[in-house]
Amino acid sequence: MIKAFLFDLDGTLLPMEVDRFLKLYLGDLGQALAPHFPGEQLVEPVVGATYDMIAQPHDGMTNEQGFISAFTRRTGREWAAYEGPLNDYYSKRFPKLGVHFPPHPKAAGVVKKLKDAGKTLVVATNPVFPEAALRARVRWAGLDPEDFTLITTYENSRAAKPHAAYYEEIMAKLGLEPGQCCMVGNDIGEDMLAPMSLGMHTFFLNEQPLGEWGEVAPCRGGDYTALEAFIDEVLEAE
């Protein structure tokens, strides 16, 4: 029995062209922090530290701790100089970017059906943002963050996609085995390969696909209509 559904966010629960989002986000971040750090370019170390954080699990460190370590190494300054302005940005200014990313008309219905059926729900987005930013992005998708048992953030995660350790940590927190979980995502490399290797069920949502279907053989796949049909089959089988 599938007890938990794990949903990717970008291109899955929330329609989004990642390149467009990054351009808007990084431009906005640079503008927001410029008054605090005149003449200093922060976008490059933010991006570089994020890639450093993703590169490998952190041997007990959270992703946040890994990011801070990489960021301070790249800037040569203490984290305390940045922490306040960055926290302020993510809690107050970042949520306003949601105007550029309207929700998918079927996402809320899918989440409600699974919640009403008593399924455990997880936003299994790559945990490279703080909680405030990720809760905002869930709201962009027209969803209530409180409907999810877990939203993976850089504060509560010790690994990132595409590493299997990321999915293993989620299952450990839920107390579930791979066969009791289904990962729904649109990225072959990040959302399908590791879950399949662990024995999880998978659904490849192909409305904004990243990667070719022929590269792997997910359990199921298709658009939101196909996802709804798959969920109905799962619920009817119980």
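Predicted model: local features only at pLDDT ≥ 70, side-chain atom pairs only at ≥ 80, totals over all residues.
In which helix is tyrosine 224 found? The answer is helix H9.

Tyrosine 224 is buried, with a relative accessible area of 1%. What does tyrosine 224 touch, beyond residues up to four places away in sequence? Its contacts are Thr12, Leu13, His104, Lys106, Ala107, Val110, Leu205 and Glu207. Take Glu207 from that list. Tyrosine 224 and glutamate 207 are 17 residues apart in sequence. In space, their C-alpha atoms are 7.7 Å apart.

Two packed helices are described by the angle between their axes and the distance between the axes. Helix H5 covers residues 107-116, and helix H9 covers residues 224-237. They pack at an angle of about 5 degrees, and their axes are 11 Å apart. An angle under 35 degrees counts as roughly parallel, so H5 is roughly parallel to H9. Which residues make the contact? From H5 come Ala107, Val110, Lys113 and Leu114. From H9 come Tyr224, Leu227, Glu228, Ile231, Asp232 and Leu235. By class, this contact has seven nonpolar residues, three charged ones and no polar ones.

Look at one of the charged residues. Lysine 113 lies in helix H5. Is lysine 113 buried, exposed or partly exposed? Its relative accessible area is 35%, so lysine 113 is partly exposed. Leaving aside neighbours within four places in sequence, lysine 113 is in contact with Ile231, Asp232 and Leu235. Lysine 113 and serine 69 are 44 residues apart in sequence, and their C-alpha atoms are 41 Å apart in space.

H1 packs with helix H2, residues 43-55, at about 130 degrees. Their axes are 10 Å apart. That angle makes H1 oblique to H2. Tyr25, Leu26, Leu29 and Gly30 in H1 meet Val43, Val46 and Val47 in H2. Six residues of this contact are nonpolar, one is polar and none is charged.

Next, the interior. In soluble globular proteins, nonpolar side chains tend to be buried together. Here the largest nonpolar core has 58 residues. Which of them touch the most other members? They are Phe5, Leu13, Tyr25, Phe94 and Leu227. Helix H1, residues 18-33, gives the largest share of this core, with six residues.

Not counting residues up to four places away in sequence, phenylalanine 5 touches Leu114, Lys119, Thr120, Leu121, Val122, Cys182, Val184, Phe230, Ile231 and Val234. Among these are Leu114 and Ile231, which also take part in the contact of H5 with H9.

Cys182 is on that list too, and it raises the topic of cysteines. How many disulfides are there? The count comes to zero. The cut-off for a disulfide is two cysteine sulfur atoms within 2.5 Å. The sulfur of cysteine 181 is 8.9 Å from the closest cysteine sulfur, in cysteine 182, so that pair is too far apart for a bond. Cysteine 182 is in no disulfide either. For cysteine 182, the nearest cysteine sulfur is that of cysteine 219, 6.8 Å away. Cysteine 181 is buried, with a relative accessible area of 1%. Cysteine 182 is also buried, at 0%.

Threonine 75 is in helix H3, residues 63-75. Its relative accessibility is 19%, and the limit for buried is under 20%, so threonine 75 counts as buried. Leaving aside neighbours within four places in sequence, threonine 75 is in contact with Pro45 and Tyr82.

Glycine 189 is found in helix H8, residues 188-198. At 32% relative accessibility, glycine 189 counts as partly exposed. Glycine 189 and glutamate 212 are 23 residues apart along the chain, with 9.7 Å between their C-alpha atoms.

The last stop is in the backbone. Most peptide bonds are trans. Is the bond from lysine 161 to proline 162 cis or trans? This bond is cis, with omega near 10 degrees. Proline 162 lies in the loop between strand S3 (150-151) and helix H7 (164-174).

Note on methods: Residues numbered from 1 in each chain as written. Heavy atoms only, no water. Axes fitted to C-alpha atoms, helices over the stretch in contact; angles between N-to-C directions. Helix = DSSP H or I, 4+ residues; strand = E, 2+ residues; numbered from the N terminus. Parallel < 35°, antiparallel > 145°, perpendicular 65-115°, else oblique. Contact = heavy atoms within 4.5 Å. Nonpolar A, V, L, I, M, F, W, Y, C, P; charged D, E, K, R; others polar. Core = buried A, V, L, I, M, F, W, Y, C linked by side-chain atoms within 4.5 Å. Buried < 20%, exposed > 50% of the residue type's maximum accessible area, 1.4 Å probe, protein only.
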